[in-house]
Amino acid sequence: MNYLFEAVKVVGLPVAASDAQFPVRRVYCVGRNYAAHAREMGFDPDREPPFFFCKPNDPQSVVPVPAGETVTLPYPAQTSNYHYEVELVVAIGKGGKDIAVADAASHIFGYAVGLDMTRRDLQMKMREMGRPWEVGKAFDYSAPVGVLHPLSTVGEINQGGIVLQVDGDTRQHSDLSHLIWSVSEIIANLSTLFELQPGDLIFTGTPEGVGAVRPGETMLAQIDGLSPIRVHIA
Ligand code: MN
């Protein structure tokens with residue numbers, strides 16, 4: 001193909017114990033999927049249906065974080081309240097639509113630790129005005145993701161600790177069993193709205209304790225059984 005300029009490259013995520021990379025297609029995110037986080041954001045968490053938003057999938061948005069490395073990201077523009085949200089990221093390996101909850105796990109390739117970085121001040125302003133969240137959620141380098149661990153090696157993940165530390169201080173600490181909508185329920189619901197394809201990522205929501213990270217600080221995001229990620233803010 002004779003493009004006018006170089007076409008954007010697909011982001012490849014590292015896969016544990018493999019030389020192959022996982023090519024990222026779409027990036028879906030679930031909002032308010034832990035009750036205590038829904039409350040801290042000012043909402044009643046009594047199982048409102050899951051809702052979704054997206055992040056861009058290009059290399060200026062999704063940032064692979066290799067095992068054992070610390071990735072440095074620039075502090076984003078137009079915010080003074082730049083928040084971390086540690087999340088379990090589910091990688092889809094088999095597509096489908098109208099997927100049954102009981103079949104959902106068979107569509108999972110694997111799991112990783114991710115950060116749904118958020119310009120909270122802009123998100124809240126847009127929320128109050130009834131406007132889309134993109135400027136708060138879909139900005140540059142807003143989706144660091146760690147090494148993918150195949151379901152075939154780690155098994156189906158429905159529980160385990162999820163932790164976010166800033167410079168060694170624990171800010172978020174919960175358990176995946178506290179997800180309001182389970183991973184399988186999320187996949188089933190999302191697949192009624194969009195036909196899922198191999199390469200899709202789903203950020204499954206963050207627990208309570210979200211807060212600001214500042215230039216010079218380093219975040220450590222961990223989920224039991226998965227490679228942790230370290231992200232430094234310049
Ligand atoms: Mn989130």
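This is a predicted model: local features need pLDDT of at least 70, side-chain atom pairs count only at pLDDT 80 or more; totals for chains, interfaces and linings use all residues.
Me: What makes a residue a donor to the manganese ion here?

Reply: The test is distance: a donor is an N, O or S atom within 2.8 Å of this metal. Water is not among the atoms, so a site may look incomplete.

Me: How are these donors spaced along the chain?

Reply: They follow the pattern E-x1-E-x28-D. Glu-87 sits in strand 8 (residues 86-92), while Asp-116 is in the loop between strand 9 (108-115) and strand 10 (118-119), so this pair ties together parts that are 29 residues apart in sequence.

Me: Why is His-107 called buried?

Reply: Its relative accessible area is 9%, and buried means under 20%. The value is below the limit, so His-107 qualifies. This histidine lies in the loop between strand 8 and strand 9. Leaving aside residues up to four places away in sequence, His-107 touches Ala-91, Ile-92, Gly-93, Lys-94, Gly-95, Gly-96 and Ile-99.

Me: What about Ala-17 and Asp-98: which word describes how accessible they are, and why?

Reply: Ala-17 has a relative accessibility of 92%, and Asp-98 has a relative accessible area of 57%. Exposed means over 50%, so both residues are exposed. Ala-17 is in the loop between strand 1 (12-14) and strand 2 (21-23), and Asp-98 is in the loop between strand 8 and strand 9.

Me: What makes the phi angles of Ala-17 and Asp-98 worth a look?

Reply: Most residues other than glycine have a negative phi. Ala-17, however, has a positive phi of about 55°, and Asp-98 has a positive value near 50°. Neither residue is a glycine. For contrast, Gly-130, which follows helix 2, has a positive phi near 70° and is a glycine.

Me: Why is Ala-20 placed in neither the buried nor the exposed group?

Reply: Its relative accessible area is 45%. Buried needs under 20% and exposed needs over 50%, so Ala-20 is partly exposed. Ala-20 is also in the loop between strand 1 and strand 2.

Me: How do you know that the buried residues of helix 2 lie on the same side of it?

Reply: Start with the list: in helix 2 (residues 120-128), the buried residues are Arg-120, Leu-122, Gln-123 and Met-126. They cover an arc of only 165° around the axis, which places them on the same side of the helix. They pack against strand 7 (82-84), strand 10 and helix 3 (134-137).

Me: What makes strand 8 and strand 9 a pair?

Reply: Two strands pair if there are at least two bridges between them. Strand 8 and strand 9 have 7 bridges and run antiparallel, so they meet the condition. For example, Val-86 has Leu-115 in strand 9 as its bridge partner. Strand 9 also runs antiparallel to strand 12 (residues 149-150), with 2 bridges, and there Gly-110 stands opposite Pro-150.

Me: Why are strand 10 and strand 16 said to stand at the edges of their sheet?

Reply: The sheet is open and has 3 strands in the order 10-7-16, with antiparallel pairing. Strand 10 and strand 16 (211-212) each have a single partner strand, so one side of each is left without a neighbour in the sheet. Strand 7 and strand 10 are joined by 2 bridges, and His-83 stands opposite Thr-118 in strand 10.

Me: How many cavities of 30 Å³ or more are there, and what lines the largest cavity?

Reply: There is 1 of them, with a volume of about 100 Å³ for the largest cavity. A cavity is a space where a 1.4 Å probe fits but cannot get out. The lining has 16 residues, and Gly-31, Arg-32, His-37, Glu-85 and Lys-137 lie nearest the centre. Strand 3 (27-31), strand 4 (51-55) and helix 2 each supply at least two lining residues.

Definitions and conventions: Residues are numbered from 1 along each chain as its sequence is written. Side-chain values use heavy atoms; hydrogens and water are left out. Donors are N, O and S atoms within 2.8 Å of the metal (3.2 Å for Na, K and Ca); water is not among the atoms, so sites may look incomplete. Helices (H or I, at least four residues) and strands (E, at least two) are DSSP runs, numbered from the N terminus. Buried means under 20% relative accessible area, exposed over 50%, partly exposed in between (1.4 Å probe, protein chains only). The arc is that of the directions from the helix axis to the C-beta atoms. Contact means heavy atoms within 4.5 Å. On a 1 Å grid over the protein atoms alone, a cavity is a set of points where a 1.4 Å probe fits but cannot get out, and a pocket is an open set with protein on both sides within 12 Å along at least five of seven lines; lining residues have an atom within 4 Å of a point. Grid points are joined across faces, edges and corners, and a volume is the space filled by probe spheres set on the points.
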